[in-house]
Amino acid sequence: MTTTSATPVALVDYDDAVRRYDPVLGIEVHVELGTRTKMFCSAEQSFGADPNTQTTPVSLGLPGALPVVNGTAVEYAIRIGLALNCQIAESCRFARKNYFYPDVPKNFQTSQYDEPIAFDGWLDVELEDGTVHRVEIERAHMEEDAGKNTHVGGAAGRIHGAEYSLVDYNRAGVPLVEIVTRPITGAGERAPEVARAYVQALRDIFRVLDVSEARMERGNVRADVNVSLRPTADSPLGTRTETKNVNSFRSVERAVRYEISRQAGLLDAGDTVVQETRHFHEDDGSTSPGRVKSDAEDYRYFPEPDLVPVAPSRAWVEEIRATLPELPQARRRRLHDEWGFADAEMRDVVNAGALDLIEATIAAGASPAAARKWWMGELARRAKQSEVELAALAITPAQIGELQSLVDSGRINDKIARQVLDGVLAGEGDPEQVVVARGLEVVSDDGALLAAIDEALAAQPDVVEKVRGGNQGPVGAIIGAVMKATKGQADAKRVRELVLERIAG
Amino acid sequence: MTDLTRLSAARLAELLAAGEASSVEATRAHLDRIAAVDGDVHAYLHVSDEVALATAADVDARRAAGEELHPLAGVPIAVKDVVVTKGTPSTAGSKILEGWIPPYDATLVEKIRAAGLPILGKTNMDEFAMGSSTEHSAYGNTHNPWDLERIPGGSGGGSAAAVAAFEAPLAIGTDTGGSIRQPGAVTGTVGVKPTYGGVSRYGLIAMASSLDQAGPVTRTVLDSALLHELIGGHDPRDSTSIPEPLPPIVAAAREGALGDLSGLRVGVVTQLQGEGYQAGVLARFHESLELLTKAGAEIVEVSCPSFEYALAAYYLIMPSEASSNLAKFDGMRFGLRVEPEEGPVTAERVMAATRGAGFGDEVKRRVILGTYALSAGYYDAYYGSAQKVRTLIQRDFDAAFAAADVLVSPTAPTTAFRFGEKLDDPLAMYLNDVATIPANLAGVPGISVPNGLATSDDGAALPTGFQILAPAKADDRLYRVGAALESALESSWGAPLLARAPELG
Amino acid sequence: MSTISRDEVARVAALARIDLSPEEVDRFAGELDVIVESIARVREVATPDVPATSHPLPMTNVFREDVPTPALPVADVLAAAPDAEDGRFAVPQILGEE
């Protein structure tokens with residue numbers, strides 16, 4: 001361990017750091033595939049099972065057991081590769097990455113080394129303000145996850161009074177795809193945002209491809225973030241650090257920010273950055289060095305002799321390509337065009353996570369403008385009040401569609417619609433049911449309205465005089481009285497028409 | 001009454017099928033024989049009296065009920081301890097696995113159980129099949145039934161000695177560089193290494209995955225064919241298993257026994273005779289060639305120049321793969337756990353202490369060599385180069401099989417040596433396998449057929465073996481030629497070779 | 001000439017997680033050397049134009065259907081464990097863990 005990484009350093013103010021240094025990123029994202037079984041054996045994989053209840057001799061690494069590749073996992077890996085604009089290898093192999101660790105049951109991880117299934121791709125990531133940054137993908141390869149260690153404190157002291165660990169191998173052998181970027185340059189001060197947007201874009205792609213639940217909080221998606229600084233964009237790459245297992249979008253952004261400030265501090269002080277693995281701390285957003293491994297990463301890779309090469313036929317690759325769903329970015333562009341929103345409106349919709357909701361609302365019959373108005377207006381306000389995500393509100397796009405069609409047909413007005421919304425959110429049923437149950441239908445029967453109008457005219461003869469005299473200003477007083485008499489359920493436009501007819505009459 | 005232990009498996013099966021003997025009688029006879037002679041021979045590490053007798057009784061009952069049974073049902077068998085057997089200790093001859101009882105059966109064991117063969121027990125072997133003398137067993141030497149002061153070959157000395165000493169009519173061996181064929185040669189028994197992928201490796205405690213292959217160990221060629229047919233065939237749990245039916249090996253053995261080899265071209269490999277081969281071994285080899293000629297075969301000389309490099313390539317590939325395969329023996333999940341004598345008790349240190357205490361010399365030697373060969377900077381020069389030699393050896397075989405239908409050589413360069421003679425000289429020990437290793441590197445099948453006795457350097461008359469090699473997936477040729485040679489030899493001797501072995505007990 | 005020094009044997013033994021006594025280190029340094037020298041032969045013929053062969057028989061695309069089979073019973077899983085607790089394997093303190 002070196003002194004530079006152990007001693008506390010003076011963090012440089014972020015803005016100052018990125019003014020004087022050019023950050024370069026490299027991101028490795030691991031995604032757990034949502035196959036039913038593991039990468040190399042038929043043990044079921046699902047979240048939250050009791051410890052060691054999802055193992056076979058293969059995933060426990062028992063003597064004699066042999067791996068067999070899960071064909072669906074290969075298909076998912078190809079899907080991911082294609083979605084990231086990668087080449088798909090004509091032939092590739094698995095390799096053994098040898099290192100001793102109790103959560104790796106065979107003491108080697110079956111991975112891919114010099115022959116990944118996908119390589120040379122790219123992904124355009126969009127920042128919140130609409131800026132697009134292209135991230136180049138070096139490779140995406142298949143491998144297996146490790147088991148889970150739980151550290152037990154030394155107080156109980158079972159093993160010579162020392163601390164010990166408990167190992168659960170349910171996760172051992174779960175299929176992973178690891179996606180490795182080339183150095184991400186040119187992001188400058190926006191490097192933390194790019195890192196975050198990249199990981200988020202991947203997460204969205206995994207979901208659309210239906211290859212993973214991609215739940216960050218469950219560790220389905222994990223990022224290792226490499227950061228280095230150099231004086232200018234023309235300088236050679238600086239020494240990088242790798243911050244491991246950063247497990248939320250926000251943490252990715254914070255970890256990059258922190259490392260930039262920290263490394264700038266080291267460089268300002270004339271120290272060198274130590275190439276090392278670091279850990280991110282959620283509580284204060286800092287990183288700290290991991291322990292130095294004695295084996296210095298001598299993984300002794302060699303081709304896995306228990307498996308044969310994977311050689312996806314071009315026909316298979318094209319078949320998979322043809323069935324790829326529309327990817328998030330392409331979809332956003334298409335919807336943007338179809339809906340005709342302004343750029344800023346569209347960005348707000350995306351950033352609010354309202355894209356799916358609005359699309360479904362439009363599918364339920366609403367106009368794009370109306371759908372956006374509801375979700376970005378009234379509903380966004382209510383979601384904010386309740387401190388929940390939009391999608392978590394107890395109302396469906398179909399219900400909003402129905403609500404809007406009630407408005408469009410004139411059966412309720414906008415003001416009543418808000419009351420209907422209250423009813424739906426309160427669990428009183430669909431909009432139609434709420435309207436009926438609460439008796440909120442607009443009074444459109446002219447006969448009923450005329451009675452109320454006549455009453456109001458009779459009560460305010462002075463207004464009638466003024467209007468007849470050519471001053472239409474006071475007519476609002478009559479309309480207000482009518483609306484009051486009909487408890488707001490009358491169509492104000494129609495009331496106005498009838499009042500004027502009556503007075504003219 | 002017939003001594004049931006002296007019969008071939010095929011003959012015993014006939015008696016069982018005809019109701020002239022029961023499986024319980026046959027099994028008990030073998031258990032009695034084991035009790036009588038295994039104190040001297042030490043072929044077995046574990047004898048499963050109760051389980052074997054229960055299987056036998058079950059087979060007898062099913063036969064009595066008129067059930068259709070496998071032709072070998074009721075014929076007892078011994079299984080090399082490198083093969084995992086559910087509920088029965090499986091140590092692979094190592095202290096590190098002392099007392100380990102696997103929770104699952106190897107595929108070939110499943111097949112043996114399904115066919116109703118009582119498993120008499122597990123046979124001794126060099127630790128993790130590393131050796132050519134069985135002196136590297138952690139559980140003591142197995143003695144050659146022909147001379148108890150001599151080695152029975154290795155690694156499968158236990159299986160060969162059990163069959164030679166009439167302690168079992170059938171046994172399972174495994175062959176990575178000659179571990180079935182060389183013990184066969186020095187004990188006067190038949191041993192077959194099938195085509196790589198012909199018998200499932202699922203449940204064989206792996207030494208070198210790309211070389212390991214299980215096969216039959218018997219006293220007659222027909223018995224090997226019968227057992228091979230039982231344990232062979234495609235297994236979806238082994239990715240390297242050949243997805244095709246076996247060739248007609250039993251028919252080939254029966255046809256060969258008729259003694260007509262007209263039109264067969266037998267290739268004598270120039271590089272597998274001469275220097276290093278005992279004079280008596282070569283004399284028996286040439287006599288056997290004459291018998292084949294008399295049976296109608298044409299002898300041609302073929303050259304395989306790359307075979308010179310086979311041993312060197314083998315001693316790179318085998319330890320490299322073994323170093324990784326044996327990593328799982330670390331004291332964390334099963335088997336021995338040893339804590340360091342001093343200093344902190346960490347997982348890393350417990351692993352090293354366990355492996356230091358649990359592995360024998362030869363295993364340590366090979367694991368260290370393999371780790372070295374794969375470690376940073378050496379891969380291409382070592383493992384990578386060895387894989388190229390493999391290509392050259394395959395090309396030599398291709399050319400040779402264009403000129404000849406089978407290739408032949410002495411199986412081992414010498415007859416059985418005395419204990420300790422080569423123990424301190426690993427390279428001399430490795431030379432035992434010089435004739436058998438090329439088949440493992442190329443994946444082609446090979447058989448060793450006892451072809452007489454030769455006078456050793458110190459004056460003892462000891463068995464020699466005749467090796468026949470065939471192209472991949474043409475295992476039937478081994479049986480045709482092997483059975484023809486066996487029948488010609490036995491006619492000339494008037495009895496099987498083992499009839500000349502000394503009485504034991 | 002020794003190709004593998006004592007230090008190299010010690011380094012590799014540490015990488016392979018095998019405690020060796022000083023006597024073993026000495027012995028293996030001598031023995032491994034003989035083997036390594038003999039192995040230099042391989043390089044005589046392993047020229048760049050020769051492709052490597054990893055498997056005796058060429059096969060590709062051996063896949064399994066993504067269909068679960070029953071797991072090993074937990075009792076079987078832990079039966080051979082040197083130490084277990086709460087359905088999990090108990091192992092000594094792991095350095096490098098956070």
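Domains. I took the domain bounds as they come from an automatic or database domain assignment. On that basis I noted three in chain A: domain 1 (8-320), domain 2 (326-438) and domain 3 (446-504). I then looked up the spacing of two of them, and the centres of domain 2 of chain A and domain 3 of chain A, taken over C-alpha atoms, lie 34 Å apart.

Ground rules. I am working with a predicted model, in which local features need pLDDT of at least 70 and side-chain atom pairs count only at pLDDT 80 or more, while totals for chains, interfaces and linings use all residues. Residues are numbered from 1 along each chain as its sequence is written, chains are lettered from A and ligands numbered from 1 in the order in which they are written, and side-chain values use heavy atoms, with hydrogens and water left out.

The A–C interface. I counted contact as heavy atoms within 4.5 Å, and found 54 residues from chain A and 37 residues from chain C taking part. For buried area I used the accessible area (1.4 Å probe) that two parts lose on being put together, summed over both. That came to about 4,100 Å² between chain A and chain C, with carbon and sulfur atoms giving 55%.

My salt-bridge rule asks for a side-chain nitrogen of Lys or Arg within 4 Å of a carboxyl oxygen of Asp or Glu. Between chain A and chain C I got 1 salt bridge; A:Asp298 and C:Arg11 meet through their side chains in a salt bridge at 3.6 Å, N to O.

Who supplies the chain A side? I took helices (H or I, at least four residues) and strands (E, at least two) as DSSP runs, numbered from the N terminus. Among the elements of chain A that each supply at least two residues to the side touching chain C are helix 3 (71-83) and strand 9 (164-168). Strand 9 of chain A gives the most to that side, with 5 residues.

Strands across the interface. I called two strands paired if DSSP finds at least two bridges between them. Strand 9 of chain A pairs with strand 3 (residues 88-92) of chain C in the antiparallel sense, over 4 bridges. I also noted that A:Val167 has C:Phe89 as its bridge partner in strand 3 of chain C.

A sheet within chain A. I found an open sheet of 3 strands, in the order 5-4-15, with antiparallel pairing. Its edge strands are strand 5 (108-111) and strand 15 (302-303) of chain A, each pairing on one side only.
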